[in-house]
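Please go through the following briefing with the model open beside it.

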Amino acid sequence: MTKRTLLIVAILAAVMTATGAATAVNVDPVARTVSSSTFEVQFSATNPEEVSSLRWNDSVNLTATGATHCGDPLEYFGNSWVAPDSPDFKSLVGWGQTGSWTAAPKAANIDSVSESASGCYGTLDIPIKTTYRFWDNGPVANRIKVARSFDFTTTSLAQDFRPYIPRLYPADRFNNVIYPDVTGTTLMTTASSDCPFGCQVTDWDDSWFAMHDPATDTGLIVRQASSGYDTDLWIDNDGASETNATGVLMLQPAGGFTGKVNTNTFLCFYDNSTWTPSLTLPNGC
């Protein structure tokens, strides 16, 4: 190999490292961790659905840890339940520790049941399959795809519910919720602190919203792929976890939810170098 060839190889290697192209997604099923060029994600050793730590680009932990009155962690990144002020409150994901956590290429697969046997209030024995998908490099490396399948084959649900609830900590930092209005032509902003018990927003085009820190212009864009069900935006400043727990509310169809219900949610992290709040989403999102 000539000196010229060696020099070219060295330059290419340096460029690949600088752009993150040489960094592969590593999924460790023993430690239940996922690491990539942009993310360090730690899942609980006991509760397969619990994300105990999520860091993006060497940030501090962006989610909260805590415990419910029944002892299981609840206030973490990605929990899911019916609106808690509903008289028919049901916890679909997170309560109870039954389930498995397995590694796949660039992904973590989770099977779980929020089991009523745990004794936690409102649990419903619905099998859930969740996949967290990561990318190696480029703009898509700043996003996570969360695919969830709810099995209402034997137990239907006659209730609106939130299929995935991302949380950003602390809520007083990520206080702004930015979203397009129902026409998709006007950018709306609501303070999550105005909704300590949740606010159902119908003036939304069912596409995406952002939890934004106006002081640093950083945050998280949540893009909800169409599932075939009507949706509203649920803005929520959660006092128990001190997080902005805004999520998508799926509206029950006639007869309630039955059979398999599949949802896809894209989580796109950004800073002021990649996105300024507007109706146009950044590359990779």
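What share of the contacts in the protein chain with a separation of 6 or more comes from residues 24 or more positions apart? Such residues account for 60% of those contacts, a contact being heavy atoms within 4.5 Å. The model is predicted, so local features need pLDDT of at least 70 and side-chain atom pairs count only at pLDDT 80 or more, while totals for chains, interfaces and linings use all residues. Residues are numbered from 1 along each chain as its sequence is written, and side-chain values use heavy atoms, with hydrogens and water left out.

**The chain as a whole**

- Of its 285 residues, 49% count as buried, where buried means under 20% relative accessible area, exposed over 50% and partly exposed in between, with a 1.4 Å probe and protein chains only.

**Aromatic pairs**

- The count of aromatic pairs comes to 15, with rings of Phe, Tyr and Trp (its six-membered ring) pairing if their centres lie within 6.5 Å, and planes under 30 degrees apart called stacked, over 60 edge-to-face and the rest tilted.
- Phe-43 and Trp-101 form an edge-to-face pair, because their ring centres are 5.3 Å apart and their planes stand at 65°.
- This pair links distant parts of the chain, since Phe-43 belongs to strand β3 (residues 39-43) and Trp-101 to strand β7 (residues 98-104), 58 residues apart.
- Phe-43 is buried at 1% relative accessibility, and Trp-101 is buried at 6%.
- Phe-152 and Phe-161 are likewise edge-to-face, because their ring centres are 5.9 Å apart and their planes stand at 70°; Phe-152 is buried at 1% and Phe-161 at 0%.
- Ring pairs also join Phe-43, Phe-77, Trp-101, Tyr-132 and Tyr-164 into a cluster.

**Charges over rings**

- Arg-133 lies over the face of Trp-135, at 4.3 Å from the ring centre, under a rule that asks for NZ of Lys or CZ of Arg within 6 Å of the ring centre and within 35 degrees of the ring normal.
- Arg-223 lies over the face of Phe-266, at 4.3 Å from the ring centre.

**Ser-80**

- Ser-80 is in strand β5 (residues 80-81) and is buried, with a relative accessible area of 0%.
- Leaving aside neighbours within four places in sequence, Ser-80 is in contact with residues including Ser-91, Arg-148, Phe-161 and Tyr-164.

Definitions and conventions. Helices (H or I, at least four residues) and strands (E, at least two) are DSSP runs, numbered from the N terminus.
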